[in-house]
Amino acid sequence: MPTPPLASGPEGRGALRPLLDTVLDALDAGGRARGGPLPAGGPAAVTARIRDALGEVLPQEGDPDALRALVHALAEGAADPADPLCAGHLHGPPLALATAADLAAGVLNPSLDSWDQAPAASALEALVTRALAEEAGAADCLVTTGATESNQLALLLAREAQGGGVRLVTAANAHHSLGRAAWLLGLPAPVTVPAPAGTLDPAALDEALTGLSGPVLVAATAGTTDAGLIDPLPEIAARCRAHGARLHLDAAYGGGLLFSERHRHRLTGLDAADTVSLDLHKLGWQPIPAGLLTVRNARDLAALDQRADYLNAGDDTEAGLPDLLGRSLHTTRRPDILKIAVTLRSLGRRGLGSLVDQVCERAEELAGLIAAHPGFELYARPTISTVLFRPAGAPDDAVAAVRRALLGTGRAVLGRARPDGRLWLKATLLNPHARPHDLAALLNLVEGHTPR
Ligand SMILES: *Cc1c(COP(=O)(O)O)cnc(C)c1O
């Protein structure tokens, strides 16, 4: 076998073009073989097909058909967020444009741990993160792999800024990654404040903060994972100020509202947070990963300072080579900023805002259909693009069974949530191409699969 060609360099384009044709054709054929948002038949059927397509993992002699066969199998067995009936999670369909940009990132393979591995990518990241920080009213912004990492970094920065100890205060609606980050960093168990209506109760927060001594980090949420609710940010910020507590905002989902003129006002108070987590692989239509952490006080980032002579020697830095190690906890790091920059520039504020507005409108429409349907109960009007509903009068186990039946047929993907102790179906709408008739079809399927 000749030495396989490389992705970049003079041979790159000629080598990639036929491979990309293979990939695009296999994606298409696999998607058509699937025929819906999810493969039918559940885990056993999918595993059997993947086992067949894979064959021996590391054969003695290579298989020239492996790219086509495995991409086909992956597409056939995918949960495809581009299907309007794939609405289970904050699992968004990436824009073709952003995915094409990501291909360039893979080809050039810059690594953002030192300037000599990523000269242009590091300059691009510096410029784009500065602009994104400004957009969020912050001083600086780091690129992360998602809000799990952003939340972890936020706790770490809080711990270091406050002299090595911090108590996390969250509400019952907070994302599980916050408690896990506290555990990972060896912090005391978080104090959990009630969220009676699904959002952090400022009076209960006030009471909790009154009872605590020592450094505190309050973590609020803009866009809860279960219901898309937004905590009352100005009230929370005022309570934090009064008690001298630091504030982190997990805006993994809701942060995308910043792009929309119509919905931006719901994030009023966001700029009071010391740190904010944002996920552009949710309301930002990026391929995974595209996480951000904005930081209000750039001095907080000094906690990440790190020296490694081969990456950021003092004399190199003095001679003007940017020191990148302190921009992340990772060493080798992908230029995820490229797809983000391409998306921001190509769509502009108006284009991105319109995507946000469309998914919010779809959620309003779905809620309207549910409210008007005697067979369904609506949990509440949507705040962002999540709609919770259940077949009227159904016990919890029937609600759970509808969801699994739909997953089994592969015809619709819905999530589940227990905002009030009862089990609800969750439609997380992130597809700007979804149309009202898709929403009606979704409800018909749920109705048809509800055990009677
Ligand atoms: C998605 C989400 C997270 C986790 O983010 P990842 O990108 O999956 O790491 C954290 N908090 C909230 C509110 C989320 O919606």
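Modeller: Axes are lines fitted to C-alpha atoms, and angles between them run from 0 to 180 degrees. Keep that in mind for this predicted model.

Biologist: At roughly what angle do the axes of α4 and α12 cross?

Modeller: Helix α4 spans residues 96–108 and helix α12 spans residues 337–372. Their axes cross at roughly 145° and come within 8 Å. The crossing is right-handed.

Biologist: Which residues make the contact?

Modeller: From α4, take L97, A98, A101, D102, A104 and A105. From α12, take L338, K339, V342, T343, S346 and L347. By type, eight are nonpolar, two polar and two charged.

Biologist: Now L352. Is this residue buried or exposed?

Modeller: Buried means under 20% relative accessible area. L352 has 3%, so L352 counts as buried. This residue lies in helix α12.

Biologist: What does L352 touch, leaving out residues up to four places away in sequence?

Modeller: L352 touches F259, W285, L344 and L347. L347 also belongs to the contact of α12 with α4.

Biologist: Let's turn to α9. Which of its residues are buried?

Modeller: Helix α9 covers residues 233–243, and its buried residues are L233, I236, A237 and C240. They cover an arc of only 100° around the axis, so they sit on the same side of α9.

Biologist: What covers the buried residues of α9?

Modeller: The cover includes α8 (202–210), β5 (216–221) and β6 (246–251).

Methods. Residues numbered from 1 in each chain as written. Predicted model: local features only at pLDDT ≥ 70, side-chain atom pairs only at ≥ 80, totals over all residues. Heavy atoms only, no water. Helix = DSSP H or I, 4+ residues; strand = E, 2+ residues; numbered from the N terminus. Left-handed = near helix turned anticlockwise from the far one by under 90°. Contact = heavy atoms within 4.5 Å. Nonpolar A, V, L, I, M, F, W, Y, C, P; charged D, E, K, R; others polar. Buried < 20%, exposed > 50% of the residue type's maximum accessible area, 1.4 Å probe, protein only. Arc of directions from axis to C-beta.
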